[in-house]
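Dear colleague,

Here is the structure I said I would hand over. My notes follow it.

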Amino acid sequence: MKCVTCRGPAVIDIRRQNANYCVDHFLEQCRRQVSKAIREWDMVETSDRVLVAVSGGKDSLAVWDLLLELGYQADGLYVGLGIGDYSDTSAVYAKNFAEERGLNLITIDLPTTYGYDIPNGSRAARRAPCSACGLSKRHLFDSAALEGGYDVLVTGHNLDDEAAVLFGNTLHWHTEYLGRQLPVLPARDGFPKKVKPLVRLTERETAAYCLIKGIDYLVDECPMAVGNRHLSYKEALNDIEVKSPGAKHSFYFGFLDRASALFIPEAEEDRAQLQDCLTCGAPTTADICAFCRLVDRAGGHHPEPVPVHLGSTRRGSSS
Ligand code: Q46
Ligand code: ZN
Ligand code: ZN
């Protein structure tokens, strides 16, 4: 197996590109794909203050590393979800990454700040764990980015994630979500700008990137993911990809090029109904936002006097 660029020994094959790469050219390829995504969708400027949502897993640490490699300034944000050992360990990986590089990591602990954790809170609120978790993370990421004065919030969603979400949304024709399933959402209506620079890389590639760069990440899956539909969509797409390399890429990028605009009017209708949550001030279509309702039903509380606790922001510190 030879590198497509230098003919040296290759370490990875990327079937959708029908290409193999050596270590150096694979890393170059990762940087190129992220640069291309950033350029194509105007994701980030070098002068931007960037906040990366970091879970301690391969994707979020890879995107943080890649942004730094490409010359962007980026802080990290870690949210402790209270999922037992999984959360304890994921926090260590996020903190170690930041400490080793002298980076600023903001931490928010859901149980201590809001009085509930994902396993018990989701049960009390009668929501699926991943639904309660996703809602909590979205709210905390958005409010931390706004409170911290960041220009852009980065998440580590990769091509597999985006294709799986698209698969689920089209399978059930959740057209209200399709108009918002874009690699960049501009800042507006009380939301920060949100971008996904890894959409041109698969999770196999982000794992390989971390391995090659010596980035230690939490390999274990979250224990609450069992039975998650998102995972079964990923598996279905992986089966298709084996038989038809490039299928995931053409599914997702074909949607962006040819179909996503069709669903924007419906997403705009939802946006037109946004107002401030009476409890926390976040944008919502109801009187009280879904997050505040979840906090109440989960038996939690709202921190006083501000809704978001940013934890330590000392440079070089991670707690
Ligand atoms: S952390 Fe949260 Fe994931 Fe665990 S509970 Fe589900 S959503 S699986 S990214
Ligand atoms: Zn090479
Ligand atoms: Zn609220």
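Phe97 is buried, at 2% relative accessibility (buried means under 20% relative accessible area, exposed over 50%, partly exposed in between, with a 1.4 Å probe and protein chains only). Before the rest, the ground rules: this is a predicted model, in which local features need pLDDT of at least 70 and side-chain atom pairs count only at pLDDT 80 or more, while totals for chains, interfaces and linings use all residues. Residues are numbered from 1 along each chain as its sequence is written, chains are lettered from A and ligands numbered from 1 in the order in which they are written, and side-chain values use heavy atoms, with hydrogens and water left out.

Aromatic contacts

The structure holds six aromatic pairs; rings of Phe, Tyr and Trp (its six-membered ring) pair if their centres lie within 6.5 Å, and planes under 30 degrees apart count as stacked, over 60 as edge-to-face and the rest as tilted. One of them joins Trp64 and Phe97, a tilted pair with 5.2 Å centre to centre and 35° between the planes. Trp64 belongs to helix H2 (residues 58-69) and Phe97 to helix H3 (residues 84-101), so the pair ties together parts that are 33 residues apart in sequence. Helices (H or I, at least four residues) and strands (E, at least two) are DSSP runs, numbered from the N terminus. Trp64 is buried, with a relative accessible area of 0%.

Phe167 and Tyr233 form an edge-to-face pair, 5.7 Å centre to centre and with 90° between the planes. This pair links distant parts of the chain, 66 residues apart: Phe167 is in helix H7 (residues 159-171) and Tyr233 in helix H10 (residues 229-243). Tyr233 is buried, at 11% relative accessibility. Ring pairs also link Trp41, Tyr252 and Phe253 into a cluster.

Two arginines lie over rings. The charged end of Arg101 sits over the ring of Phe97, 3.8 Å from its centre, and Arg49 lies over the face of Tyr150, at 4.1 Å from the ring centre. The criterion is NZ of Lys or CZ of Arg within 6 Å of the ring centre and within 35 degrees of the ring normal.

Zinc sites

Donors are N, O and S atoms within 2.8 Å of the metal (3.2 Å for Na, K and Ca); water is not among the atoms, so sites may look incomplete. Cys22 is buried at 10% and His25 is buried at 17%.

The zinc ion (ligand 3) is coordinated by Cys277 (SG), Cys280 (SG), Cys289 (SG) and Cys292 (SG), at 2.3 to 2.4 Å. Its donor atoms subtend angles of 106 to 113°, so this arrangement is tetrahedral. The donor residues are spaced C-x2-C-x8-C-x2-C in sequence. Cys277 lies in the loop between strand E9 (275-276) and strand E10 (283-284) and Cys292 in helix H13 (residues 290-297), so the pair ties together parts that are 15 residues apart in sequence. Cys277 is buried, with a relative accessible area of 4%, and Cys292 is buried, with 0%.

Regards

Technical notes
Four donors count as tetrahedral if all angles lie between 85 and 135 degrees; four count as square planar and six as octahedral if opposite donors are over 155 degrees apart and all others between 65 and 115; anything else is irregular.
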